[in-house]
Amino acid sequence: MRRKRESIFKAGYIIGLLMISVIAFALYSHRLREELRELVRNTLKEVSNQNILVVQKEIEGDLAALEEIAERISALGETDEKEILEVLKRIEERYSFKRMGYCRTDGILHTTVDDVADVSEREYFKASMQGESYISDPLIDLMDEEEIIVFSAPIKSDGEVIGVLCAPYRVDSLKEILAVSSFEGEGYTYIVERDGNKVVDSTHPTSFQNMTNIFTSMTEADQRNYQAVEDLKRILNDGRTGYVIFYNKVGKYMYTTPLGVKDWFLIDVVPVDFMENTSNYIIHRTYLMCGFLAVICAVIAFALMNEERRKKQRIQNLLYVDELTGGNTLARFKIELEHRIQVHYKNIALIKMDLDDFKLVNDLFGYEEGNRVLRFVGKTLQESCRDGEFTGRSNADRFVMLLLYDEEREVRQRILKIAEDIQSLHLSETLEYLLHPVFGIYYREPGEDNIEDMLDCASLAHNMAKQAKNGIYRVYTNEIKEKELQKKQLSDQIEHAYKNHEFVVYYQPKYDSRTQKLAGAEALVRWRRPDGQMVSPGLFVPLAEESGFVCKLDEYVFREVCLAQKRWLDKGLGIVPISVNLSRRHLDNPEFIDEYKAILDESGVPIEYIQLEITESAMFEKKDEFVQIMERLHDLGFMILMDDFGTGYSSLMMLKSIPIDVMKLDKSFVDDYDDARGESIIRCVMRMAQDLSIAITAEGVETEAQYRFLTSVGCDTIQGYYFARPMPEEEYEVRMRA
Ligand code: C2E
Ligand code: CA
Ligand code: CA
């Protein structure tokens, strides 16, 4: 569901991004086109300005040259026609004029090519007779009918015009100057008068041929030019610059500028296509670039996404694949379980299992071997899965499993078979070692869908199976839950009870086996509820151990015992050593040693009257810490009693490295004294203890027969109901006095 929403979101995101890109790109290309148009217009304007400069320079240069010649002739004061023509003939090659000529005030022109003509009616003659230099409109050469412009300048004597110097200039020369290619040969130039009449036309193949008036030519070229003609007329009339688009086969751009000579205008023309082609070219290049970039971006994005996906996959693998066994992790198992309970398929049994003594496997055979065992268990569970069933490992040696069944009996049979398969693993050549798999089974109630609750129930059954210390599995029942609930309630009550002084210390005397005299006592905590009801330590001590509260409780007992011993000392009673139990939880927190020492010192009781009991099984949980703590306690002067000897796993060698003063033979040995095996074990232990100079106390001695036997084999002290049950302080005091 979340995935689906995620991908919809992603798709929307990509579409949005695409739309924004397209809009941005459209805006950008519009803007680009505009800018390119502007650029081409500016280029047109620049080319036009260049042309103007060239034409101006040519015309004005020529006129200035003519004026200079006229002045020089004026200065000569020469009036003789022939003389003047001689001078002109000599210099005319230096100028770009077609020829030169001179006429007197009568308007009869004598040229350097010895022609004679009457120009008295020509405008230029008239103007120069008024003392002005002049440039004529285009004229037809009277001599050869070529198109010309005539430059004229007055020749003066004493301020009077005595003649006119004339020089025709070929229009074709201007044409040549203007024909210098612009816009890669696509552009060309006209010069026209204000009324549109041609001054200089163009030789360019796409220009108007035989143009006499630009307006007429435009009108004739295309009907659509109507507006363009009107616009051009207005521009010329206003004597300003301006753009016009017109058609002559193709659309063309026309830029018009006043030439600054007479009333003439320069018109530069370039096809619209040329402009558009240029900008299109640039735009296409830009598109291409953008496309290329987009492809690169897409490739990069794809690569990144791919990498992201791979990362996700790796993380998922970490989350869902158990590195050690290659099977499911608990997280994966839960997901599968969730799926399975949604599909109504047979009955579901949830199994929790572990190896009862896995820690021992690690200790005895090393971690590598431990891992091999776990892989083997994982494989065995997986291989016993049928269709639709699956397993997972939650942590360490804890596994979970889902089995499908028709009858509960099948599940139990299959569990036993799995246990057998696991036990088939051969661990060591030299040591016969059997694994102890323990299972908790929970049969799912129809319709139940809270997988955490279901797993909790399987865990409860599993815990029960472990506590039972026998058998391979336990099936979850409501009673188990009930018990668990009670335990939980009890656990919650302990702290309150402590503050409420509900805990008291009982003493169980120990007797010397030979003299039968009081030799010591063990302090045992009791929980007496306000209503007088006693709660068994077998019930609440494990709970207090679980929560860690037991350390506080132990310290309380220790202090109470110190104070009691002190009171008895002060009363002058012959006290005997009292042993106090030390929970394994103290191993986590060695600071208690200083605390205990301080309490003891404060009480003023000599240290030999307080002994410490620690259970044997605590030793192999934290071996190093255990040894260190025992050594420190022993160095301080405390006697160390090894409790429950024989129940846990005790390497006999370890006994050598721990400073043990007394071994407490567990009740289970005492109970078995009368079978042959039990007897020989006791004898053996006794011998070993004697060799190590360790004293022996027998626990749980209930009968005279037991007492006699234990005494006969050399047991030093006897503790048990045979002599006395644990008792309140007052009763114990009575025993002391006896
Ligand atoms: P434990 O340390 O092995 O204590 C000996 C237990 O054996 C005591 O049970 C005692 O009442 C019982 N017992 C003694 N003689 C006989 C006998 O002849 N027959 C039978 N059936 N039982 C006998 P209790 O007092 O119920 O204590 C149970 C366990 O609770 C103790 O086992 C000890 O592990 C723990 N415990 C008791 N008090 C303390 C304490 O102050 N601190 C800690 N950490 N644990 C305590
Ligand atoms: Ca004890
Ligand atoms: Ca014991």
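Leaving aside neighbours within four places in sequence, which residues is Ser513 in contact with? I'll take that one up in the opening point, then go through the rest. Keep in mind that this is a predicted model.

1. **Ser513.** The answer is Tyr707, Thr711, Cys715, Asp716, Thr717 and Ile718. Ser513 sits in the loop between E18 and E19. Is it buried or exposed? Its relative accessibility is 1%, so Ser513 goes down as buried, the cut-off being under 20%.

2. **Ligand 1, who is around it.** The shell has 22 residues, and Gln508, Arg526, Asp554, Glu702 and Tyr721 come nearest. By class, nine residues of the shell are nonpolar, five are polar and eight are charged. As for where they come from, strand E19 (518-528), helix H14 (537-547), helix H15 (550-570) and strand E23 (639-645) each give at least two. E19 has the largest share, with four residues.

3. **Ligand 1, polar pairs and cover.** Glu522 has a side-chain N or O atom 3.3 Å from an oxygen atom of ligand 1. For Asp644, the distance from a side-chain N or O atom to a ligand oxygen is 3.3 Å. Glu699 places a polar side-chain atom 3.4 Å from an oxygen atom of ligand 1. On its own, ligand 1 has 780 Å² of accessible area, and the protein covers 80% of that.

4. **Helix H22.** Here the two faces are worth a look. Tyr732, Glu733 and Met736 are buried in H22, which runs over residues 729-737. Why do they count as being on the same side of H22? Because the arc they cover around the axis is only 105 degrees.

5. **Asp201.** This residue is in the loop between strand E9 (198-200) and helix H5 (214-221). With a relative accessible area of 9%, Asp201 is buried. Its side chain makes a polar contact of 2.8 Å with the side chain of Lys175. Beyond neighbours within four places in sequence, Asp201 is in contact with Lys175, Thr189, Tyr190 and Met211.

6. **Two positive phi values.** Most residues other than glycine have a negative phi. Glu145 is not a glycine, yet its phi is positive, about 65 degrees. Glu145 lies in the loop between strand E5 (139-140) and strand E6 (147-157), and its 64% relative accessibility makes it exposed. Ala396, also not a glycine, has a positive phi of about 40 degrees. You'll find Ala396 in the loop between strand E14 (390-395) and strand E15 (398-405), where it is partly exposed at 44% relative accessibility.

7. **Thr278.** One for the overall layout. Thr278 is in helix H7, residues 272-320, and is partly exposed, with a relative accessible area of 33%.

Technical notes. Residues are numbered from 1 along each chain as its sequence is written. Chains are lettered from A and ligands numbered from 1 in the order in which they are written. This is a predicted model: local features need pLDDT of at least 70, side-chain atom pairs count only at pLDDT 80 or more; totals for chains, interfaces and linings use all residues. Side-chain values use heavy atoms; hydrogens and water are left out. A residue is near a molecule or strand if one of its heavy atoms lies within 4 Å of it. A polar contact is a pair of N or O atoms within 3.5 Å; within protein, one must be able to donate a hydrogen and the other to accept it, and residues adjacent in sequence count only if both atoms are side-chain atoms. Accessible areas come from the Shrake-Rupley method with a 1.4 Å probe; for residues, only the protein chains shown count as cover. Ala, Val, Leu, Ile, Met, Phe, Trp, Tyr, Cys and Pro count as nonpolar, Asp, Glu, Lys and Arg as charged, and the others, Gly among them, as polar. Buried means under 20% relative accessible area, exposed over 50%, partly exposed in between (1.4 Å probe, protein chains only). The arc is that of the directions from the helix axis to the C-beta atoms. Contact means heavy atoms within 4.5 Å.
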